[in-house]
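Good morning, and thank you for coming. I shall present one structure today, and I ask you to keep the sequence and the model in view while I speak.

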Number of protein chains: 2
Amino acid sequence: MSNIYNQNLEKNSANYQPLTPITFLERAASVYPERVAVIYGKQEYNYSEFYRRCRQLASFLSKKGIRFGDTVSVLLANTPSMLEVHYAVPMCGGVLHCINTRLDATSIAFQLDHAESNILIADTAFSSLISETFSKITSKPLVIDYVDKELQFIGSKFGSYDYEEALNSGDPEFNWLMPSDEWDAITVNYTSGTTGDPKGVVYHHRGAYLLAQGNIVTASINKHAVYLWTLPMFHCNGWCFPWSISVISGTHICLREVRADAIWKAIKYYKVTHLCGAPIVMSTILDAEQELKQAFEQKVEFFTAAAPPPEKVLNDMADAGFNVTHLYGLTEVYGPAVINDWHTEWSDLTVSKQAPLKARQGVRYHALEGLEVFDSHQMKPVPRDGKTLGEVMFKGNIVMKGYLKNSTATKISMKDGWFHSGDLGVIHPDGYIQLKDRLKDIIISGGENISSIEIEEVLYKNNAISSAAVVAIPHDRWGETPCAFIELKDGFDISADELRDWCQKYLAGFKLPSLFIFGPIKKTSTGKIQKAQLRNQAIEFIKTRSLS
Amino acid sequence: MSNIYNQNLEKNSANYQPLTPITFLERAASVYPERVAVIYGKQEYNYSEFYRRCRQLASFLSKKGIRFGDTVSVLLANTPSMLEVHYAVPMCGGVLHCINTRLDATSIAFQLDHAESNILIADTAFSSLISETFSKITSKPLVIDYVDKELQFIGSKFGSYDYEEALNSGDPEFNWLMPSDEWDAITVNYTSGTTGDPKGVVYHHRGAYLLAQGNIVTASINKHAVYLWTLPMFHCNGWCFPWSISVISGTHICLREVRADAIWKAIKYYKVTHLCGAPIVMSTILDAEQELKQAFEQKVEFFTAAAPPPEKVLNDMADAGFNVTHLYGLTEVYGPAVINDWHTEWSDLTVSKQAPLKARQGVRYHALEGLEVFDSHQMKPVPRDGKTLGEVMFKGNIVMKGYLKNSTATKISMKDGWFHSGDLGVIHPDGYIQLKDRLKDIIISGGENISSIEIEEVLYKNNAISSAAVVAIPHDRWGETPCAFIELKDGFDISADELRDWCQKYLAGFKLPSLFIFGPIKKTSTGKIQKAQLRNQAIEFIKTRSLS
């Protein structure tokens with residue numbers, strides 16, 4: 001539509017440029033060159049050096065032929081190299097592909113081939129895994145070995161280049177490339193996916209810029225925060241924190257392994273102010289032996305996702321000096337896109353009244369423009385009653401570009417103008433959402449929807465239980481009924497009957513598990529419980545039992 | 001360039017939407033509906049009401065025919081209505097045009113005609129000005145009267161509608177419009193311009209979103225800040241703070257007049273945390289009578305621009321409990337685009353060592369991607385020596401869309417891929433820029449450049465001087481020499497000879513003013529000194545002197 005405001009007022013190179021998180025590092029290096037950017041064991045360098053190293057690596061990658069849209073894969077732990085690739089790869093137009101280091105060779109081979117990887121930067125500690133992977137792949141990316149000098153056993157070299165040598169051969173004044181468009185891909189992250197081939201979720205520069213800044217804005221992170229890496233950076237690009245920390249010229253404390261002693265030491269010694277992680281990280285912190293727990297003076301913010309933090313954990317974390325904020329997201333929305341934005345007046349409530357509020361996933365990040373719970377058949381928002389179950393859907397600038405080379409899955413996931421998360425939840429009268437289940441994990445018994453999470457929450461209230469997972473098992477009359485997997489704490493014992501009585505105190509009859517299976521519950525490499533596997537396990541269990 | 005990452009991965013309505021600051025208000029109203037958004041005298045309303053009122057006003061404007069690219073002008077003081085129009089006008093696709101309330105009728109008439117204004121919302125306190133303006137304009141916009149109930153004398157009604165009635169007739173559920181493109185105009189601001197017609201600087205939704213968020217990120221403003229309106233909102237849309245405050249669900253404290261008693265009262269009573277303003281606002285605060293200065297407990301952040309704060313003012317502000325941050329920008333870059341980003345270690349320096357650091361304009365906002373000082377003839381950056389003068393230039397997403405209906409000026413101002421500010425400055429070895437003069441205010445004496453600001457700084461060190469301005473006057477031998485206008489503080493007296501001696505202590509001989517003119521210095525409606533006028537005044541003065 002033509003009007004006076006769009007005549008002779010076009011974009012030009014003075015008033016427009018693509019949004020990209022690379023500019024955050026460039027600014028930090030320019031304004032705070034001397035400020036410590038990265039600490040890892042005996043290694044420590046400032047923003048001037050960090051920026052220089054990224055430019056050198058980008059220069060090397062460029063010399064090795066990386067062009068716009070070429071994939072650079074990495075198999076790295078939370079070492080400084082992992083931070084560097086987050087800038088160096090996009091600086092030469094490449095697309096960063098971070099591989100979960102806990103995957104098997106077959107899965108890694110699939111990803112390398114699917115992403116048509118040109119270069120693989122791999123920690124030599126994983127060299128046998130790489131070697132096995134290379135026996136399975138069609139493409140043969142150029143391999144660069146990263147040697148972690150903090151490790152005692154560094155593994156054998158596999159690649160054609162040494163990371164540090166390669167980097168040093170690069171031009172420190174490398175004129176890095178802006179993306180040609182902010183919609184250009186910056187990274188690809190494969191979802192573990194319980195069925196079918198893993199899908200490559202593509203992020204772009206615009207989204208990475210907006211969410212990286214979004215973490216700072218939405219979670220009110222101040223200048224020069226000290227960030228401890230307890231979240232794997234291969235997981236949704238560490239929720240974009242490799243970029244966020246440059247926004248506030250903060251300090252990254254790298255951590256190869258999530259160990260209680262290292263965490264407590266870092267918090268005390270480096271005055272850590274922020275860290276992220278799955279609930280298991282909180283357990284690791286809290287379960288540390290008493291002599292490891294060093295008193296610290298600063299306030300520490302802990303961002304957690306994946307599962308609502310149980311009341312007891314929240315209490316214990318508060319007592320230990322941590323403020324816990326609950327986030328929620330998916331790989332498809334760059335990691336966290338939803339925050340339990342805490343109302344100050346809620347802090348005046350009793351702790352037991354705070355817990356259910358803390359358990360909610362919350363509201364949209366600023367960078368996410370739409371968050372709704374829909375009746376997905378009619379695509380109508382469910383009533384805001386905290387009860388009606390619907391599918392959680394996302395819309396906005398931090399929803400992925402789509403799935404790589406999978407236009408069918410892309411279209412299905414984003415049909416009707418919303419990204420369909422597959423998570424089931426409710427929306428409370430105040431607009432805060434709360435997850436109830438995965439769409440595929442819901443149990444339908446006699447036509448009634450039963451949330452497996454609701455039952456799990458009841459089980460977790462029982463002090464004997466360290467882990468609980470509820471899945472559907474087939475039932476002749478009801479279609480499905482709940483089956484509960486139970487992992488007990490050391491030194492505790494409880495029977496199936498006692499647990500059934502426990503559940504009856506809190507749940508309607510039709511929701512009671514018809515079967516309890518005791519024993520360790522298997523988890524994925526990122527600490528998630530895979531319900532599809534448990535369902536198979538339950539069916540096997542039933543078969544065995546009926547045979548015996 | 002085609003690659004796997006741009007095939008079948010197009011934008012769609014799930015993963016892309018135009019950036020617009022309207023979403024900040026929508027989020028604040030959704031997450032913090034009960035939180036106080038606006039306070040003005042006896043009026044107070046929360047985010048739910050603020051959002052509803054904006055939607056209602058947008059609905060009314062839409063009913064009155066406002067479509068994409070139509071201009072809605074406002075002549076309003078810092079009242080709640082001024083905040084409302086910042087959302088309501090873009091909500092119906094309109095472009096907001098805020099008029100400086102201190103302008104004369106002829107200037108206002110020019111703007112209304114030039115912007116092809118469709119609607120004018122005007123405070124009835126200005127009704128005689130409006131009436132005079134309407135005798136001069138060609139276009140006849142529909143007028144809506146805003147009655148400021150806090151005023152004793154509200155003026156006579158002039159328009160066809162009453163603001164409050166009009167707003168109340170609007171639909172509270174109005175389905176506000178997203179911009180069709182984030183490059184769509186959101187506001188137009190006329191620069192006062194010392195020569196030629198005023199130019200209409202056009203802002204777009206993308207830039208307003210980025211700078212509004214940029215204020216929060218770059219200045220580390222926390223959630224729920226309390227913001228006092230000592231900066232006129234008609235000035236660069238109040239540096240985008242009408243939108244910034246929604247990002248952090250903060251509270252606006254409106255203030256019609258910048259009076260010492262009202263400021264001190266608001267700081268104490270509403271626990272103000274942030275305010276902005278020209279140096280004159282600091283003087284107003286500091287010069288208040290002792291009984292007005294009420295002790296407050298919070299830390300108050302004061303953002304100032306226009307002129308470097310003198311050392312004494314900084315000291316006094318610190319003693320009074322304010323932390324002063326120096327910003328710099330122009331109408332063409334949405335207000336502030338440069339910040340004196342303070343290094344914590346600088347706070348350990350003595351106050352006299354801090355002052356020259358505080359006086360520097362600083363470094364780019366995150367949202368501004370490029371800031372340089374150029375030798376404008378060769379378009380080469382000047383050396384970073386803190387000495388070599390060059391023109392300050394800007395580049396990036398918060399540089400204006402251009403000048404309305406003035407493609408020649410637009411092209412000239414943004415030639416060579418940079419916005420040419422017309423300000424002269426140096427860049428220090430640490431990358432912080434410091435302004436030295438306006439390009440057109442530089443004095444060229446015997447081929448040497450003399451910065452008028454350098455001389456002014458020396459004059460300001462003299463305790464007798466309340467205001468000083470130096471301009472060039474013609475000189476037969478040297479081409480130009482400096483002439484100093486001096487306004488003395490009450491009760492002080494100093495002669496031209498004494499001042500010349502004073503200057504000699506700090507300045508090279510060729511920089512000494514050859515003429516001192518004593519008396520009040522005329523300032524513009526926004527408190528700026530217009531050097532073009534002073535130059536004329538000086539020439540008149542010389543003529544008169546030679547005649548007498």
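Let me begin with a question: in what sense do strand 21 and strand 22 of chain A pair, and over how many bridges? Strand 21 (residues 419-427) and strand 22 of chain A pair in the antiparallel sense, over 5 bridges. Two strands are said to pair if DSSP finds at least two bridges between them. Strands (E, at least two residues) and helices (H or I, at least four residues) are themselves DSSP runs, numbered from the N terminus. Within this pair, A:Asp423 stands opposite A:Arg438 in strand 22 of chain A.

Before going further, a word on the source. This is a predicted model, in which local features need pLDDT of at least 70 and side-chain atom pairs count only at pLDDT 80 or more, while totals for chains, interfaces and linings use all residues. Residues are numbered from 1 along each chain as its sequence is written, and chains are lettered from A and ligands numbered from 1 in the order in which they are written.

The pair I opened with belongs to an open sheet of 5 strands in chain A, in the order 18-17-19-21-22, with antiparallel pairing. Strand 18 (380-381) and strand 22 (433-438) of chain A stand at its edges with a single partner strand each, so one side of each has no neighbour in the sheet.

Chain A also has an open sheet of 9 strands, in the order 2-1-11-10-12-13-14-15-16, and here the pairing is mixed. Its edges are strand 2 (43-46) and strand 16 of chain A; each has a single partner strand, so one side of each is left without a neighbour in the sheet.

Strand 13 (residues 300-304) and strand 14 (residues 322-330) of chain A run parallel and are joined by 5 bridges. A:Thr304 has A:His326 in strand 14 of chain A as its bridge partner. Next, strand 14 and strand 15 of chain A pair in the antiparallel sense over 4 bridges, and A:Tyr328 has A:Val338 in strand 15 of chain A as its bridge partner. These two strands form a hairpin with 4 residues between them, where A:Tyr334 takes a positive phi near 65 degrees.

Strand 15 (residues 335-339) of chain A has 5 of its 5 residues buried, so it is largely enclosed by the rest of the structure. A residue is buried if 20 or more other C-beta atoms lie within 10 Å of its own, exposed if 12 or fewer, and partly exposed in between, with C-beta atoms placed from the backbone.

I turn now to chain B. Which residues of helix 4 of chain B are buried? In this helix (residues 105-114) they are B:Ile108, B:Gln111, B:Leu112 and B:His114. Just after helix 4 of chain B, B:Glu116 takes a positive phi of about 50 degrees.

Strand 5 and strand 6 (residues 142-146) of chain B pair in the parallel sense over 5 bridges, and B:Ala122 has B:Asp145 in strand 6 of chain B as its bridge partner. Strand 6 of chain B is in turn joined by 2 bridges to strand 7 (residues 161-162) of chain B, and these run parallel. There, B:Ile144 stands opposite B:Tyr161 in strand 7 of chain B.

Finally, the two chains together.
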